[in-house]
Amino acid sequence: MEQYLPIVLLLALVVGFSVASAIGSRLLAPKRRTGAKEGPYESGIVPRYSPAARFPVRFYLVAMIFIIFDIEVVFLYPWAVMYRQLWTFGLAEMAAFAIVVFIAFAYLVSNGALDWGPRQRTGGRPPADLARSTAATVRRVPRPEELIERAGPEPRPLEPDGAPGGAPPRQAQPA
Amino acid sequence: MGDPVFAHGLTLAVWLILLVKTVAVFVIVLVSVLFMVMYERKAVARLGVRWGPNRAGPNGWLQSLADGTKLLFKEAFTPRSADRLVYKVAPYLMLVPALIAFAIVPIGGTVTVAHNTTELQLADPPWGILFMLMASGLAVYGVILAGWSSRSKYSLLGAVRASAQMISYEAVLGLTTATVVLVTGSLRTSSIVAAQHGGFLYHWNVIHTALIPFALFAVAITAEMTRPPFDLVEAEEELSGGYMIEYASVDFAWFYLSEYAALVTNSAFIVTLWFGGPDGPRITGHSIGPFWFFLKLLIILFVFVWIRATLPRLRYDQLMELGWKRLIPAALIMLMVVAGFQINREWGFVAIGAGLVLAGVLWRAIDVGRGATVVESGPDPRVAQEAEQ
C-alpha cells in the first residue's frame with residue numbers, strides 16, 4: 001500500500017503547481033476584453049454559423065470498434081502476467097479468443113467500416129464531385145473578356161434604390 | 001519486491017526521502033521539457049540548415065524559459081461562446097497525467113541515505129505499466145474537452161480527429177506493451193528492467209521480441225503523442241491550430257508543456273520497456289545506470305526530432321488505414337507469435353503459420369471492404385452528361 005504514497009505526493013505537487021499557475025496568471029496578466037478577441041478564431045473571417053454540432057459518423061464508428069480491441073487488451077494483461085503458469089493452455093485459450101476477435105474485425109473491414117475518404121467509383125473518371133472539379137470551376141468563373149462582353153460597352157445602370165449593382169456590403173453580425 | 005525504503009515503516013527519514021524524490025522527479029520533468037523544447041528547435045533548425053533561436057541566454061538555451069515566462073504575463077481570456085468551466089479545466093486535465101507519469105520510470109540502481117536504501121525511481125507499484133497506459137489514455141480527455149468547449153470549428157475538428165487517432169493507436173500501444181509484459185511476466189517496471197539486465201543489447205526486449213513489436217510500438221507512441229508525421233491534430237494548413245486554437249496565456253503554455261512532458265516521459269518508457277532502462281556496460285567496475293539511462297533517453301529524443309524534420313505528414317485516411325488495417329492486426333499476430341516462441345520453437349512456428357493464414361484472411365477482407373464503399377460500377381452517369389453538353 002505504501003507504493004501508492006509517492007504517486008499521491010507527486011499528484012499533490014502537480015495539482016498545487018497547476019493551481020498556483022492559474023492564480024499567478026490571474027494576478028499577473030492584464031484583462032482587456034474586446035469583442036473581436038473573444039470571438040471564435042476563423043482566420044479573421046467573422047463566423048456566420050455556430051460551430052458544427054455534428055461531425056462525421058465515422059468517428060463514432062471508430063470509437064465503437066476501438067472498444068473491441070480495448071476489451072481484448074484488458075484481458076491480455078492478466079493473461080500475460082500469468083503466462084508462465086499457463087503455457088500451452090494459455091496459448092490455446094488466447095489464440096481462440098484472438099481468432100474470434102480477428103474474425104469479427106475482418107467482418108467489419110470487409111463491410112468497409114474503416115474506410116475513410118470519398119466514396120469511390122470503379123468506372124469513368126477518378127472519384128470527384130463534378131460540381132467541384134477543376135474543369136467545372138473554370139467553366140463557372142467567366143474569363144475577364146467574357147465579363148466585358150456580357151456587360152457591354154455601356155456602364156451598368158444604377159439599381160432602383162440608388163446603390164451600385166452587386167451585393168450590398170455585408171454587415172458585421174451583432175454579438 | 002517494491003521499494004526497499006518502506007521496509008521499516010514510515011519514519012520521518014522515509015518521509016523526507018520521499019519528499020526529496022518527489023520534488024526531484026518534478027524538477028527533472030520540468031527541466032527536461034525546457035531542455036527538450038530548445039533541443040528540438042535547435043536540431044530541427046540545423047537539419048533545415050538554419051540557426052534556430054540563439055538570442056536568449058547562452059546560445060539561445062534560455063529561449064523556452066523566456067517564452068514560458070512571457071506567456072504567464074499574457075491575458076487569459078475565455079471566448080464568448082465557450083463552455084467556461086470545461087474550457088478552463090481542460091489544459092490541467094492534460095497537464096496532470098503528463099507530469100505524474102514519470103513517477104514509475106526506473107532511472108537505475110539504488111542509493112543508501114542514512115541507512116535507508118531506496119530505488120532511483122519515485123514509485124515502484126506492482127501495476128507500473130498500467131499506470132503508463134492510464135497516463136497516455138487520460139490525455140485524450142484533455143484534448144477532446146479542450147476542442148469541444150472552445151466552440152470553434154477548427155478546434156472541434158482538431159479534437160475529433162485527435163480523439164479518433166489517439167484511441168486507434170492506443171490499441172496498438174496496449175497490444176505491443178502486452179508483448180513486453182508477456183516476456184517479463186510482471187507489470188512492475190523495475191522487474192521489466194531487471195529482466196533485461198546483463199548482456200549488453202542481447203537481452204534487451206527490442207532484440208528479445210524480434211524487433212517487430214518495438215517498431216509497432218514506436219509508430220503507435222508517435223501517433224499517440226500526435227508528433228509528426230502523425231500531427232494531423234494541429235495540421236496548420238487545414239486546422240490552423242487544432243484543439244488548442246482558442247487558448248492563450250498559461251493555458252496554452254500548459255498544452256505545450258504537457259505535449260513535451262509526454263514526449264520525454266514516453267521516450268523514457270521506450271528506454272525502459274525496450275532498451276533495458278539503465279542497463280549498460282560497467283565502467284571500472286562501477287554500475288553507472290543513470291548515465292546510460294539518460295544517454296539512451298537523449299538518443300531516443302533525437303530520433304523523434306529527426307523524424308519530425310524528415311517525414312511529411314500523412315493524410316487522415318492513410319493514418320486510419322495504417323493504424324487499423326496494418327498495425328493492429330500485426331501487433332495481435334506478433335503477440336501470439338512471441339507467446340508461441342515462449343513455450344518452444346515448434347509452437348512458435350505454429351503461431352507464425354496461423355498468423356500468416358489470418359493475415360491472408362484480412363488481406364481478402366480489406367479487398368472486399370474497398371468494394372463495399374464503391375457506389376456503382378460502370379461509367380459515371382454525370383461524366384456522360386457532361387460529355388453531351
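In what order do the elements of chain A run from the N terminus on? They run α-α-α-α-α-α. The model is a predicted one.

## Chain A

Chain A contains 6 helices and 0 strands. Of its 175 residues, 13% are buried.

## Helix α5 of chain B

Helix α5(B) covers residues 153-184, 32 residues in total. At 1.5 Å a residue, α5(B) should span 46 Å. The C-alpha atoms at its ends lie 46 Å apart, so expectation and model agree.

What share of the 32 residues of α5(B) is buried? The count is 30 of the 32, so the rest of the structure largely encloses this helix. Burial here means 20 or more other C-beta atoms within 10 Å of a residue's own. Just after α5(B) comes Gly185(B), with a positive phi of about 75 degrees.

## Two domains in chain B

How many residues of domain 1 of chain B are in contact with domain 2 of chain B? There are 12, and they meet 9 residues of domain 2. On the domain 1 side, α5 and α8 (212-224) of chain B are the elements that give two or more residues. α5(B) gives the most, with 8 residues. By class, this side of domain 1 has 9 nonpolar residues, 3 polar residues and no charged ones.

## The helix in both views

Conventions: Residues are numbered from 1 along each chain as its sequence is written. Chains are lettered from A and ligands numbered from 1 in the order in which they are written. This is a predicted model: local features need pLDDT of at least 70, side-chain atom pairs count only at pLDDT 80 or more; totals for chains, interfaces and linings use all residues. Helices (H or I, at least four residues) and strands (E, at least two) are DSSP runs, numbered from the N terminus. The expected span of a helix is 1.5 Å times one less than its number of residues. A residue is buried if 20 or more other C-beta atoms lie within 10 Å of its own, exposed if 12 or fewer, and partly exposed in between; C-beta atoms are placed from the backbone. Two residues are in contact if their C-beta atoms, placed from the backbone, lie within 7 Å. Ala, Val, Leu, Ile, Met, Phe, Trp, Tyr, Cys and Pro count as nonpolar, Asp, Glu, Lys and Arg as charged, and the others, Gly among them, as polar.
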